[in-house]
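Reader: Before I use any terms for this model, I would like to see the criteria behind them. Please set each value against its definition.

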Amino acid sequence: METLAGLKRTHKCGELRKENVGAEVTVMGWAHAYRNLGGVIFVYLRDRSGMVQLVFNEEQNKEIFEKAETIRNEFVLAAVGEVVLRDAAAVNDKVPTGDIEITVKELRILSKAETPPIYIEEDSDVREEVRLKYRYLDLRRPDMQRLIELRHRVCKIVRDYYDKNGFLEIETPMLTKSTPEGARDYLVPSRVHPGHFYALPQSPQLYKQLLMLSGMDRYLQIVKCFRDEDLRADRQPEFTQIDLEMSFVNVDDVLEINEGLMKVIFKEILGIDLKTPFRRMTYQEAMDRFGSDKPDTRFGFELVDLSDIVKDCGFKVFTDAVAGGGSVRAINCKGGAAKLSRRDLDSLVDFVKIYKAKGMAWMTVEEEGIKSSIAKFLSEDEVKNILAKTEAEAGDIIMFVADKNSVVYDALGNLRLELARRFDMLKKDEYDLLWVTEFPLFEYSEEEDRYVAKHHPFTMPMDEDIPLLSTEPEKVRAKAYDMIFNGNEVGGGSLRIFNTELQQQMFEALGFTKEEAWEQFGFLMNAFRYGTPPHGGMAYGLDRLVMLLAGRDSIRDVIAFPKVKDASELMTETPGTVSAKQLEELHLSLQNID
């Protein structure tokens, strides 16, 4: 096999243009396409920058021509030759280099290739499992290389922006202490401390707070984080955060600096001028209007609370829900009568049941009145008030769910998204960013039969709600905020608790004894004794942000070597087994392994 000895690449394949005509160039890359016209061979040579056409002419150089006859797709080549203009009839306006080609005078075949198991082409329809098995081939595809380049550009913009705003990039440990709250930790056994374990960080939360105590003032890190949890399209066991923290700030300070980042990213990546400041919406408003704390506001179908109208109606499903402390809410599906058949409506009933709703009632509005199986339970005034409150008119379908609030929100919040999908209302070239603020500090876990932190145990409560910590924790709001991008949470954070007494109150509200709190978080509580600045910050999901900027549906598309739903990597067949000797060194043994 030939080598590069004596050769140096002068240009990348996609760089050459008319201005290079007459120049002798050396290009290197992969054979992308091959055509032998019997005396003339054309080869498209591809590298990360694009493609250029090589020409081999038997009459000009028979030896090189015969060598070129052995080329197959994905052979790695080096070619030296002169850049020439193509004939007008041969110009290819589908590639940037389509005006020129290279007449080759020296060819080296650096590496041969077997027939690839996947096509190296744009937007391949090969099954994802096969693409991930041969990810190194999948990443050769031009569209995949653009995605990885996009990720690089976003990271560079992030670092440059925060650097200009006084942030220091500081690394924090990968081997950390396992602490409660949050998802399940990935544990790493210690060889030198038998029976003891490190945890891979779910986030650098405690370290970045300690950096504020250390006087670093503004911290940044693009960092790997790990959570041992079930996967879906936008979740991975190892993911990347843009992580930051700031001292001596209030909520407005944090939101303003991060709106500035998104403004720069959108301008440099998409050429779009975002308007700042972003809209802000409290958590409660988001739930009441959209049934979600990450509302997609690019379309309507907002929730309407009808509880006050139907609380005394003749329909027991409605009255029982309101009497039990729940609610009756509805979506007005504008123009739905012309778009949804009875079969479609039945499928939507099954859809809301996925989210624990017992069912869905509906009312079709017609010119002569309403058509609904529940009409007989409603008075004329109740119907009139429902139509008025939902702003319904002929051709609309009103869809009702009645249950406890959490079920109603979840069912209707997802129903409005399902309607938008069916009606093709989710346009990837529309961009909607907003903040959701004032989250509940706690949420009740039925599984654990106690209150758990909605975000994490170090979140600062709203000042006026602090007295409620010990009496009505469910009413306490947090100085927390999420950035929402087209119905996706791309970043979130909060102001942090910065004194020992309030942090201890927080731990008590979460069910920790003083001893348990100090055992788990004593290093942080102790640090608070030596002067702690007010501080706050946030973290972005880099993978999700890049996915949305690229208009993709899965974060696996923007991660070089992602894992699949069972947390395995198909290419390297990870995770794998280890030897008995390795287990012995770690003082571990396996039991009950099928």
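Author: What follows takes up a pocket, a pair of helices and some backbone details.

Author: The model is predicted, so local features need pLDDT of at least 70 and side-chain atom pairs count only at pLDDT 80 or more, while totals for chains, interfaces and linings use all residues. Residues are numbered from 1 along each chain as its sequence is written, and side-chain values use heavy atoms, with hydrogens and water left out.

Reader: What makes a space a pocket and not a cavity?

Author: On a 1 Å grid over the protein atoms alone, a cavity is a set of points where a 1.4 Å probe fits but cannot get out, whereas a pocket is an open set with protein on both sides within 12 Å along at least five of seven lines. The second largest pocket has a volume of about 470 Å³; volume here is the space filled by probe spheres set on the points, which are joined across faces, edges and corners.

Reader: What makes a residue part of the lining, and which lie nearest the centre of the second largest pocket?

Author: A lining residue has an atom within 4 Å of a point. The second largest pocket has 16 of them, with Y186, L187, T574, P575 and G576 nearest its centre. Strand β7 (residues 187-189) gives the most, three residues; a strand is a DSSP run of E of at least two residues, a helix one of H or I of at least four, numbered from the N terminus.

Reader: Why are α13 and α14 called oblique?

Author: The axes of α13 (residues 500-509) and α14 (residues 514-527) come within 11 Å and cross at roughly 140°. Axes are lines fitted to C-alpha atoms, for helices over the stretch in contact, and angles run from 0 to 180 degrees between N-to-C directions. Under 35 degrees is roughly parallel, over 145 roughly antiparallel, 65 to 115 roughly perpendicular, and the rest oblique. The pair is therefore oblique.

Reader: Which residues make the contact between α13 and α14?

Author: T500, Q503, Q504 and F507 of α13 meet K514, A517, W518, F521 and M525 of α14, where contact means heavy atoms within 4.5 Å.

Reader: How do you know that the bond between T574 and P575 is cis?

Author: Its omega is about 5°. P575 lies in the loop between α15 (542-550) and α16 (580-585). The peptide bond from T276 to P277 is also cis, with omega near 0°.

Reader: What is the phi of D424?

Author: Phi of D424 is near 55°, a positive value in a residue other than glycine. D424 is in the loop between α12 (405-422) and β17 (433-437).
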